[in-house]
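Subject: Structure handover

Hello,

Here is the structure I said I would pass on. Please keep it open while you read the notes below.

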Amino acid sequence: MIVILKPDADKKSTAYRRLSDYLAQLPNIKCRVHEEVGTQQTLTEIYLVGDTSTLDRKEIEAFEVVDRVVRVSREYRVLGRHKDDTRAGGFEYNGVTFSQDNFHVFAGLCAVSTREHVEQMCRALKAHGQVCTRMGAYKPRTNPYAFQGHGKNCLPYVFELAGKYGIKVVAMEITHDAHIAEISEALERAGNPTGVMLQIGTRNTQNFELLKSAGRQRRFPILLKRGFGITLEESLNAAEYLASEGNRNVIFCLRGMKTNMGDPHRNLVDFAHVPVVKRLTHMPVCIDPSHSVGSRAAAPDGIPDLFHVTAQGVIAGANMVLVDFHPEPAKALVDGPQALTLEELPWFLEDVKLVRDTYERRRKLVKS
Ligand code: PEP
Ligand code: MN
């Protein structure tokens with residue numbers, strides 16, 4: 001059960017104490033308080049864990065500080081969308097709002113190769129009005145002898161250049177909790193010219209200790225990839241790990257499933273699950289067409305599969321697209337064959353806009 005307090009509820013007030021005294025005497029119920037400090041207001045939610053079936057919702061709602069009470073109807077307590085649950089989802093980070101109602105493109109380098117490539121990428125994004133990107137510093141590789149990413153050595157110039165070109169959010173994968181501190185320190189040293197969204201990749205979706213570490217910090221939002229060989233429910237539970245530790249600024253990313261049924265694509269595209277994740281949870285949903293398709297192959301219509309697949313996710317209401325670009329794909333150190341070129345960036349953005357506009361029009365059809 002979730003007890004949602006009125007905005008800016010004062011924890012020192014008698015009204016608040018009355019409620020907490022009442023909750024404290026409930027048998028076999030533990031309370032967990034979650035506070036979300038926003039620029040406009042502070043929202044407090046109290047999670048009642050234990051045998052809540054006999055609790056009277058109306059009785060709790062009668063307390064002066066309580067706005068409303070939601071009965072948990074899914075196992076994803078924090079991120080789940082429960083019955084009669086009208087809580088607004090979404091969050092703001094470094095001036096950018098993420099929610100199930102809006103849309104962002106994160107085009108960028110799968111792996112940082114050189115300073116020059118980062119600069120070319122950021123410059124192109126700025127020229128096309130983009131304020132988000134992806135930049136891989138820590139790369140989880142199948143082969144231990146393959147390039148593992150430049151790690152913390154590239155962070156100073158990645159952050160400096162992101163700031164120089166007005167990038168507000170850089171999606172960056174972490175594979176170890178130590179990377180969170182490295183990113184924090186590098187941002188501080190650079191004077192916080194940009195922001196970072198921590199990405200947890202498909203190979204780490206169920207790395208519970210990494211999830212707990214990422215969930216315990218509240219500084220950075222988190223992009224969690226769906227595990228490539230587990231059920232959707234298992235991946236959503238992984239997202240709930242982040243939220244249960246305190247960080248609910250989580251975006252869920254579909255990136256295709258590992259099965260040769262998807263051949264010749266790298267993975268079997270699973271973007272039909274965009275509306276499903278939106279129905280089951282409050283999380284904004286991202287799609288990653290690059291790691292789903294894995295190549296630049298095009299259909300006879302001249303449109304790359306990457307574009308077609310992106311369109312499938314966007315027309316179904318995806319809120320974010322994470323996509324690999326590279327100024328010189330032949331020189332990319334990771335995943336060059338699936339990278340789009342900077343010359344293709346305006347085409348991609350225009351194609352995506354067409355589809356997003358169509359999705360918005362589809363939504364209006366529902367209301368009329
Ligand atoms: C990536 O986005 O660079 C990546 C490694 O993706 P995934 O975890 O989905 O394979
Ligand atoms: Mn990659």
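Which residues are around ligand 1? They are Cys110, Arg134, Lys139, Glu173, Gln199, Gly201, Thr202, Arg203, Lys225, Arg255, Asp288 and His291; a residue counts as near a molecule if one of its heavy atoms lies within 4 Å of it.

Before the rest, some notes on the source. This is a predicted model, in which local features need pLDDT of at least 70 and side-chain atom pairs count only at pLDDT 80 or more, while totals for chains, interfaces and linings use all residues. Residues are numbered from 1 along each chain as its sequence is written, chains are lettered from A and ligands numbered from 1 in the order in which they are written, and side-chain values use heavy atoms, with hydrogens and water left out.

Ligand 1

- Arginine 255: a side-chain N or O atom is 2.6 Å from an oxygen atom of ligand 1.
- Lysine 139: a side-chain N or O atom is 2.8 Å from an oxygen atom of ligand 1.
- Threonine 202: a polar backbone atom is 2.8 Å from an oxygen atom of ligand 1.

The two domains

The protein is assigned domain 1 (2-72) and domain 2 (91-367), with bounds that come from an automatic or database domain assignment. Their C-alpha centres are 35 Å apart. In contact (heavy atoms within 4.5 Å) are 7 residues of domain 1 and 7 residues of domain 2.

The size of an interface is often given as the accessible area lost when the parts come together. Here the two domains bury about 490 Å² between them, 23% of it on carbon and sulfur atoms; buried area is the accessible area (1.4 Å probe) that two parts lose on being put together, summed over both. On the side of domain 1, Arg32, His34 and Glu36 lose the most area to domain 2, together 71% of what that side buries.

The rule finds 3 salt bridges across this interface, a salt bridge being a side-chain nitrogen of Lys or Arg within 4 Å of a carboxyl oxygen of Asp or Glu. The side chains of glutamate 36 and arginine 218 also form a salt bridge, at 3.6 Å from N to O.

Elsewhere in the chain

The whole structure has 24 salt bridges. One of them joins the side chains of lysine 11 and glutamate 35 (2.2 Å, N to O). Lysine 11 is in the loop between β1 (2-5) and α1 (14-24) and glutamate 35 in strand β2, 24 residues apart. Helices (H or I, at least four residues) and strands (E, at least two) are DSSP runs, numbered from the N terminus.

Two backbone details remain. Aspartate 263 and proline 264 are joined by a cis peptide bond, with omega about 5°. Asparagine 28 has a positive phi, near 55°.

Regards

Definitions and conventions. A polar contact is a pair of N or O atoms within 3.5 Å; within protein, one must be able to donate a hydrogen and the other to accept it, and residues adjacent in sequence count only if both atoms are side-chain atoms.
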